[in-house]
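Please work through the following exercises with the sequence and the model side by side, trying each task before reading its solution.

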Amino acid sequence: MIITHQKGRGSKIHILLDGEYAVTTDENFWCDNYISDGTDIDDEEWQDLLVKINYKKALNKCADLLSRRDHSVKELRDKLLKSVDPISAEKAINRYIEAGYLDDEKYCEMLVSYLLNTKKYSVSHIRQECFKRGIDREIVDDKLESIDVDAVTTLVEIIRGKYLSKLEKENGVEKVIASLQRKGFKYYDIKSALNRIFDDEY
């Protein structure tokens with residue numbers, strides 16, 4: 001097979017075999033693995049080159065995704081598998097784990113803090129969100145056990161911020177309770193929060 005290359009848009013390099021497009025890589029990779037146009041390569045040499053190209057693509061995709069926001073290992077893997085092969089995805093993930101850029105424990109700690117303090121989620125809702133992102137149950141349980149959550153105070157803040165006007169409407173209290181229960185808060189905590197609010201108001 002005769003290998004040649006063409007410059008693409010930006011830093012892209014298109015590689016051709018016997019005059020037909022085969023794969024795209026980037027200038028940095030091609031500089032490191034340059035093969036002169038017109039070189040005759042066999043299938044084994046081509047497969048070796050393809051493995052390197054796909055691994056570099058997976059590394060670049062990891063870098064792009066992690067530059068946007070932190071991810072759990074599962075989240076990153078799911079996104080990688082949309083554009084790279086499983087072997088390259090796992091190799092890239094392991095590289096980023098070893099480098100310390102991918103850590104489910106740190107990610108879980110950050111996520112729990114954000115959902116608890118910023119989003120005001122209930123503990124059960126936080127647990128569901130962590131599981132949804134593929135974080136191991138032991139890690140989630142450990143992070144949740146280490147936090148001190150005052151559910152009633154959180155609920156008072158939520159109700160004052162989002163639900164106060166709804167309490168005065170017909171069946172308002174019942175609807176607010178139902179809404180907060182759907183968010184994972186316990187009935188007796190909601191009632192305690194409502195009692196505290198009513199005591200302050202009246």
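**Exercise 1.** In which loop is the place of Lys120?

Solution. Lys120 sits in the loop between helix H5 (104–118) and helix H6 (123–132), where helices (H or I, at least four residues) and strands (E, at least two) are DSSP runs, numbered from the N terminus. The model is a predicted one, in which local features need pLDDT of at least 70 and side-chain atom pairs count only at pLDDT 80 or more, while totals for chains, interfaces and linings use all residues. Residues are numbered from 1 along each chain as its sequence is written, and side-chain values use heavy atoms, with hydrogens and water left out. Turning to the backbone, phi of Lys120 is near 60°, a positive value in a residue other than glycine. Lys120 counts as partly exposed because its relative accessible area is 26%; buried means under 20% relative accessible area, exposed over 50%, and partly exposed in between (1.4 Å probe, protein chains only).

**Exercise 2.** Describe the sheet, strand by strand, and say what packs on it.

Solution. Begin with the order: four strands form an open sheet, S3-S2-S1-S4, with antiparallel pairing. Two strands pair if DSSP finds at least two bridges between them. The edge strands are S3 and strand S4 (39–40), each of which pairs on one side only. Helix H2 (residues 43–68) packs on the sheet and touches S1, S2, S3 and S4, contact being heavy atoms within 4.5 Å. The direction of H2 makes about 45° with that of S3, where axes are lines fitted to C-alpha atoms, for helices over the stretch in contact, and angles run from 0 to 180 degrees between N-to-C directions.

Next, take the pairs one at a time. Strand S1 (residues 2–7) and S2 are antiparallel over five bridges, and Ile3 stands opposite Leu17 in S2. S2 and S3 are antiparallel over six bridges, with Tyr21 in S3 as the bridge partner of Leu16. S1 and S4 are antiparallel over two bridges, and here Ile2 stands opposite Asp40 in S4.

**Exercise 3.** Is Asp18 buried or exposed, and in which loop is Asp18 found?

Solution. Asp18 is in the loop between strand S2 (12–17) and strand S3 (20–26). Its relative accessibility is 51%, so Asp18 counts as exposed. The hairpin of S2 and S3 has two residues between the strands, and in this hairpin Asp18 takes a positive phi near 50°. For the hairpin of S1 and S2, with four residues between the strands, the residue to look at is Gly10, which takes a positive phi near 65°.

**Exercise 4.** Which residues does Thr25 touch, not counting residues up to four places away in sequence?

Solution. First place the residue: Thr25 lies in strand S3. Thr25 is buried because its relative accessible area is 9%. With the sequence neighbours up to four places away set aside, Thr25 touches Ser11, Lys12, Ile13, Ile15 and Ile53.

**Exercise 5.** Examine the aromatic rings.

Solution. Rings of Phe, Tyr and Trp (its six-membered ring) pair if their centres lie within 6.5 Å, and planes under 30 degrees apart count as stacked, over 60 as edge-to-face and the rest as tilted. The count by this rule is two aromatic pairs. Trp30 and Tyr34 form an edge-to-face pair, 5.7 Å centre to centre with 70° between the planes. Trp30 is buried because its relative accessibility is 4%, whereas Tyr34, at 47%, is partly exposed.
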